Amino acid sequence: MLEISEDGRTWVLSGPASSYAVHVTDRDELLHLHWGPRIGLADAEALAVRPLPDYWPFESPLDGREEYPVEGGPRFVRPALSVRTPERRGTEWAYEGHDTGEGELRLRFRDGDLAITLHYRMRSWADVVERWVTLDNRGPSVEVLRADSATWTLPDRDTWRLSQLHGRWGAESRLERSALTHGEKVVGSRRGHTGHQHLPWVALDTDATEEHGEVYGCALGWSGSWRIAVSQLPDARVQITGGAGYDDSGLLMLGTGESYTSPVFAGLWTDGGFGGASRAWHAYQRAHVIPDADRDRPVLFNSWEATEFDISEEQQRALAERAAAMGVELFVVDDGWFGARTSDRAGLGDWTPNPDRFPGGLKPLADHVHGLGMQFGIWVEPEMVNPDSDLYRAHPDWVQYQSGRKRTEFRNQLVLNLAREDVQEYLWQQLDGLLSSAPIDYVKWDFNRCFTDAGWPDDPYPQRLWVDHVHALYALLDRLRAAHPGVAFESCSGGGGRIDLGVLGRTDQVWTSDNTDPLDRLAIQHGFSQIHPARVMAAWVTDSPNAMLNQRASSLRFRFVSAMAGVLGVGGDLTKWTEEELAEARDWVALYKEIRPVVQRGDQYRLRPPEGGLSAVQYALGDETVVLAWLQAQRYGEPVPALRLRGLDPTASYECLKTGEVHRGAVLLHHGLRIGLRGDLDAVVVRLKRK
């Protein structure tokens, strides 16, 4: 809902439980009024007439109160907008008016020939505020050093605590909470992609718990380099500014008649604690961001850990037959099916099947997989190229590089310059032809190295490749999805290196981490769930001991229950599994299919964090509830603690489908856990249904 004052200078956007209000003064200063519990227009107008503080000249009354700080004038905070022309730098804008439409509020400003529009959208069913900025240049060229999507202003509080998700390859999405101190806390990526080091999300609270207390959260929808700065100003006010690009060295050059639209920076307020914030984020993404989110994702098998580069059609057929017998619904051939790809040293860029390994192309294998009752998928890494490839030999200038400098290789590969239109067209022709050549249902889209030599010697403004690469990626995915609507896409970047609201708007799921150790995954998945839903979180059951990272042994039971917390996949070498293991796996897959709608579409409650001892997560959808619990360690004969479930009707009765226990009111799980958990590294699935 949107309310506008009679003078057209105060606006209130409201969702089910919260409101967001801004005001333009007579001096064309855009001030933030309110973000928090729901208020009405009269409340916002009362806030609008409060005078700004009268500071000494060493401070600015606008700092910490301005809705979107620009560079220039009486301001000292980090600017959200920084532009320059040959004649001047900074912005001296004037308010021109507002308009509404398509569920948006648009506030229009102008600085000479540069039109600046701030966009707001808040749907009536959600408390998520979407904000972004559009720049339109109607005069000579303007260099945009910085154009952040939004600045968020928090209410006055004595203390704040900051939550963030940090990590590295193999250890992504780990939750960290710390006291916010004066100064700036900056998180982001200067690597050309979202990055393993931080997810573009922060949350602030004062004393929230998992289910109670105020939480403010912000999430950026951008899949390239990005930056979020959380600032506690000298007067203790807090602002959060974020957008595309990591530094201020130059974002893009706007020529006459050109425009730029920033990514969305979404914000959420809740008084339902960290769990309430997560559930609100999940519902928002399922309803508005994720394509076809009402369709449950299939159980998949991926060949990588079974075969690595040693691929043949006969071998893949054997794996497919075992996967189908297990109940798998989607069979995926990973790296090694194309070009001269017998290792990571060659072949990237040549997206045609290897004639020795697949003499008839991919269609015979795809037809065989379909005949087994499964969908068929492949792995690609279109944004990369090996120097040892036909593509690079023909077009060595198609990569990012700096003149006169060595071309840095990671994983024996270079980054294609997707900002080039000829590269975009080549990839479209290759991928469209590939998806047309065989009945392919799924594409795992990987990105296995960061930008290093991000140069474009032939371009007059080479810095633009940082932004244009992402726009080209989005356009290519959009074009492929439109041409092949039956194909699903997964975003992967060496695991969790490209997970954000931007790429999630174009892909059906994401690869959470290359780390498939089921115990490590509990912490990774716990952090991931702070912002993203189980519906997109791919998780695999692989061989034990875990060969990739730590050689830790774990039961098949623990591995399956860990992976069942998201989109279940299998990645082990099935040709080496015993008949007993295959039979047990078949039972777990069948159970997952029964609980899948609840896990992938239900409300998630984190009952106990993965900090040692018992860890548990609950999903609730309609009359059904599913609890996944893991006993990470048990010492001194301590009994398994009971779990109090959440989100259920306190007047109803619920039956445990395994034990027959009937619970009334607040459900306290105890017996069902004790019979399922025995010893170290064990796990249990408990299902309840309303009677």
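## Arginine 646 and glutamate 211

Arginine 646 is partly exposed, with a relative accessible area of 24%; buried means under 20% relative accessible area, exposed over 50%, and partly exposed in between (1.4 Å probe, protein chains only). Arginine 646 forms a salt bridge with glutamate 211, with 3.4 Å between the closest N and O atoms. Arginine 646 lies in the loop between strand E35 (643-644) and strand E36 (653-656), and glutamate 211 in the loop between strand E15 (198-205) and strand E16 (215-220), so the bridge ties together parts that are 435 residues apart in sequence. Glutamate 211 counts as buried, at 18% relative accessibility.

## Model and terms

This is a predicted model, in which local features need pLDDT of at least 70 and side-chain atom pairs count only at pLDDT 80 or more, while totals for chains, interfaces and linings use all residues. Residues are numbered from 1 along each chain as its sequence is written, and side-chain values use heavy atoms, with hydrogens and water left out.

A salt bridge is a side-chain nitrogen of Lys or Arg within 4 Å of a carboxyl oxygen of Asp or Glu. Helices (H or I, at least four residues) and strands (E, at least two) are DSSP runs, numbered from the N terminus.

## Bridges to the loop between H1 and E5

The structure holds 51 salt bridges. One of them joins aspartate 235 to arginine 65, at 3.5 Å between the closest N and O atoms. Aspartate 235 lies in the loop between strand E17 (226-232) and strand E18 (238-244), and arginine 65 in the loop between helix H1 (41-48) and strand E5 (81-84), so this pair links parts 170 residues apart in sequence.

Arginine 131 and glutamate 67 also meet in a salt bridge (3.1 Å, N to O), and both residues are buried.
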